[in-house]
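This report covers the contact between two chains and one surface feature. The structure is shown first.

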Amino acid sequence: MTRSFFLSLIFAFACCLFASHTAQAQYAEGISAITYDSSAQMIFTYSATEVDFNTSYYYDAYVCGSLYNYVLLGMGCEGDPNEDRIAEVYLQTAAQYNQGYLLVSNHYVEGYFEVWEPTWGAYGYWDPYGYDFLPGGSYPGGYQFLPAGQTVTQYGQIYLGDTSVWIFTYPSLAAAVTGVGFSDEHPLHYFNFQPGQHAEPIDPNDTDLIWLSNGTRSDPAAYTKGTKPKLFASIQFSPAPPPNTYIGLRIKHNGSPVGEKLGIAATGASLNVRDIALTADIENPDVVKKGNYTFSWEITQDGNTWTSIGNSGPHKIYWTYQNPMSPPFINKEGTEFPKLYDKALDVACTAANGESLVGTIASKINSAVYNDIKYSPAGGASVNPLSFYLIFPQGCDCGDHANLLRGLLRSIGVEATTLYLWGGNNATGQRNYYVFNDPLLGAIPVTMRVVRDAHRDGIAANPHFNYHALVSAAGHLYDPSYGFVPDQLTLTESLDIATGILGVTNKVERQVFGDPTYGTVTNIVCPHTN
Amino acid sequence: MNKLIFKSILILLVSCSSVSIAQSKLSSEEKLSLKKIADTIDRSILTKEAGWRMKNKKTLGNIAESEWEWGDRQISVTILHYSSVAEATKGLQAAISPSMGKISKENGLGDEGYVWRMSTTKGETCAVKFRKANFLIFISGGELSFGKKFAKIADDSLTENVLQRK
């Protein structure tokens with residue numbers, strides 16, 4: 001009964017800095033506390049054993065504190081000389097950065113024990129609150145037992161147990177993210193690059209910080225949709241961290257962690273951290289997108305406490321449908337333009353923003369080309385078709401339109417083919433020219449008449465063509481000059497060279513423009529005047 | 001027969017002379033940046049075509065362009081600078097196979113010149129295209145008479161400021 005009663009008593013260890021306790025019957029509390037004053041570079045410790053009022057009737061508190069940093073730095077033991085129910089030991093030592101300091105406190109109560117030898121010959125003692133029965137406790141040793149029936153008051157310490165606390169002297173770090181780069185992105189080039197403002201290849205060696213906090217650089221990156229980008233960053237410390245400083249970096253987007261890297265040795269005032277992998281999507285992984293993203297950057301030293309070191313961005317990222325195809329652009333003359341251009345992704349990803357279906361993507365970019373670039377059938381220019389977005393305000397020919405659409409689609413990974421079409425014999429490739437008598441200009445050699453509505457840019461309905469160009473992609477045909485998806489080129493008129501009959505719908509379909517003069521020219525005149 | 005031989009020799013000499021001029025231009029390419037050429041042509045237009053106002057001016061790689069307006073008339077002058085006469089000739093060939101409309105040779109314009117015309121629901125539209133050495137000049141928009149005037153100014157300006165340098 002006595003034991004069970006004693007076992008019901010409470011012994012508590014507390015390891016908090018400013019522990020408080022409430023008075024309870026038969027209550028003893030052990031305290032270990034350690035603090036690090038980074039400005040004074042000092043470690044301060046506090047060890048205490050405190051007993052409650054009832055306990056203090058029989059016992060006095062006693063404590064020993066030991067401070068370690070791999071080796072014992074200092075130790076002290078104190079009882080309760082003031083009889084105020086608490087024994088305290090204070091220690092302090094000069095601290096070094098990035099060191100671990102351990103305080104171990106040994107807690108005791110001191111008491112005077114009634115010790116006797118019972119008449120039946122066994123030894124006995126009286127420990128009113130039974131601290132010896134608690135885990136780690138013991139009864140005092142070394143006392144002398146008296147003959148049976150005799151008692152004497154014996155002083156002794158009862159060990160209650162240890163508390164300990166550990167602290168690491170992390171330096172105070174003042175840091176800021178000053179630059180961010182992207183790894184393994186699609187190799188973007190500026191189309192309208194201005195020497196002195198930025199380089200034409202945006203990140204040629206996969207080492208460029210394409211966003212700088214000083215505002216001098218904010219370049220886009222491109223990834224295939226669903227990719228989790230890998231970043232690298234420049235962190236500036238002021239002052240430089242002390243030796244053996246290790247940090248972790250964390251990136252948040254919209255308040256949620258999206259990537260982190262731990263165990264980074266912070267050496268020097270400028271730290272470049274590579275391979276910070278994003279582990280969460282920052283965008284819907286299923287859609288083509290042009291997005292702007294702001295990242296919040298945080299550092300930690302202990303892995304638990306994160307401190308902001310600023311934001312980066314907005315980072316413009318183009319999410320392509322699949323990996324861009326090379327060369328993205330080709331012109332009517334067959335000149336290839338192998339670079340992947342920011343302008344192409346900007347146009348394509350803006351037009352197809354948020355779309356996941358390839359047919360819808362192609363259709364929207366087809367409409368964008370129609371809306372953005374005027375149709376001028378004056379013939380092309382031997383330039384990159386993307387040029388029409390920046391110059392040639394008069395617009396471009398259908399061949400350029402088609403090659404522009406083809407290039408935009410291939411830039412975002414959608415396979416596309418330009419198809420050139422004439423009236424003629426598809427088997428031989430022979431184009432058959434006849435005469436359309438324009439009321440204003442007179443005889444014009446043409447090969448076909450095509451069903452079309454009147455064009456926004458002044459071209460009459462159902463025009464007569466020398467040739468026309470379309471784009472085959474995603475199982476459809478697209479006509480960017482007219483901004484719709486015809487799925488097939490319907491002729492209302494072409495010439496059967498053998499019979500001289502107009503009105504057939506034979507067409508030559510080629511993926512290469514070839515010789516513009518190739519064909520048979522006749523004097524056969526069509527009946528139309530517009 | 002003698003006349004034919006004489007004529008052939010004359011044509012050959014003229015051809016050689018033309019190539020020689022073009023090549024000499026290439027050798028002084030460093031001094032004749034595209035921007036300077038464009039500026040020269042623009043100044044000539046401003047001087048010789050009163051009333052026209054430059055609306056816009058830009059360059060992109062080997063292309064320089066200026067846009068002009070006078071009332072509701074608009075004309076753009078595009079200069080493409082190629083690395084060789086052969087490249088420029090190829091570029092011109094690409095520009096004279098229109099999908100619609102009528103293109104005809106314009107004698108006396110540059111080393112090789114063409115005029116493209118087309119009827120639209122808004123009236124006639126036209127473009128003037130010519131090669132001078134390793135430059136292509138495209139004049140687009142407006143009425144053909146204005147297009148030809150601008151082309152002549154550009155042609156003369158190139159002759160005076162590019163081809164006479166060596």
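The model is predicted. Between chain B and chain A, 15 residue pairs are in polar contact, with both residues of each pair at pLDDT 80 or more. Salt bridges are absent by the rule applied: the count across the interface of chain B and chain A is zero.

## Elements on the chain B side

Seven elements of chain B each give two or more residues to the side that touches chain A: strands S1 (53–60), S2 (63–70), S3 (73–81), S5 (112–120), S6 (123–132) and S7 (135–140), together with helix H3 (85–95). S5(B) gives the most, with five residues.

By residue class, the side of chain B that touches chain A divides into twelve nonpolar, eleven polar and nine charged residues.

## Extent of the interface

The size of an interface is often expressed as the accessible area lost when the parts come together. For chain B and chain A the buried area is about 2,800 Å², and carbon and sulfur atoms account for 61% of it. On the chain B side, the residues that lose the most area to chain A are Leu60(B), Ser99(B) and Met100(B), which together make up 24% of what that side buries.

In terms of contacts, 32 residues of chain B meet 41 residues of chain A.

## A nonpolar patch on chain A

Tyr68(A), Leu72(A) and Met75(A) form a nonpolar surface patch of about 280 Å². Of these residues, Met75(A) lies in strand S5 of chain A, which covers residues 71–78.

Conventions
Residues are numbered from 1 along each chain as its sequence is written. Chains are lettered from A and ligands numbered from 1 in the order in which they are written. This is a predicted model: local features need pLDDT of at least 70, side-chain atom pairs count only at pLDDT 80 or more; totals for chains, interfaces and linings use all residues. Side-chain values use heavy atoms; hydrogens and water are left out. Contact means heavy atoms within 4.5 Å. Buried area is the accessible area (1.4 Å probe) that two parts lose on being put together, summed over both. A salt bridge is a side-chain nitrogen of Lys or Arg within 4 Å of a carboxyl oxygen of Asp or Glu. A polar contact is a pair of N or O atoms within 3.5 Å; within protein, one must be able to donate a hydrogen and the other to accept it, and residues adjacent in sequence count only if both atoms are side-chain atoms. Helices (H or I, at least four residues) and strands (E, at least two) are DSSP runs, numbered from the N terminus. Ala, Val, Leu, Ile, Met, Phe, Trp, Tyr, Cys and Pro count as nonpolar, Asp, Glu, Lys and Arg as charged, and the others, Gly among them, as polar. Patches are made of residues with over 30% relative accessible area and no salt bridge: like charges are joined within 9 Å, nonpolar side chains (Val, Leu, Ile, Met, Phe, Trp, Tyr) within 5 Å. Accessible areas come from the Shrake-Rupley method with a 1.4 Å probe; for residues, only the protein chains shown count as cover.
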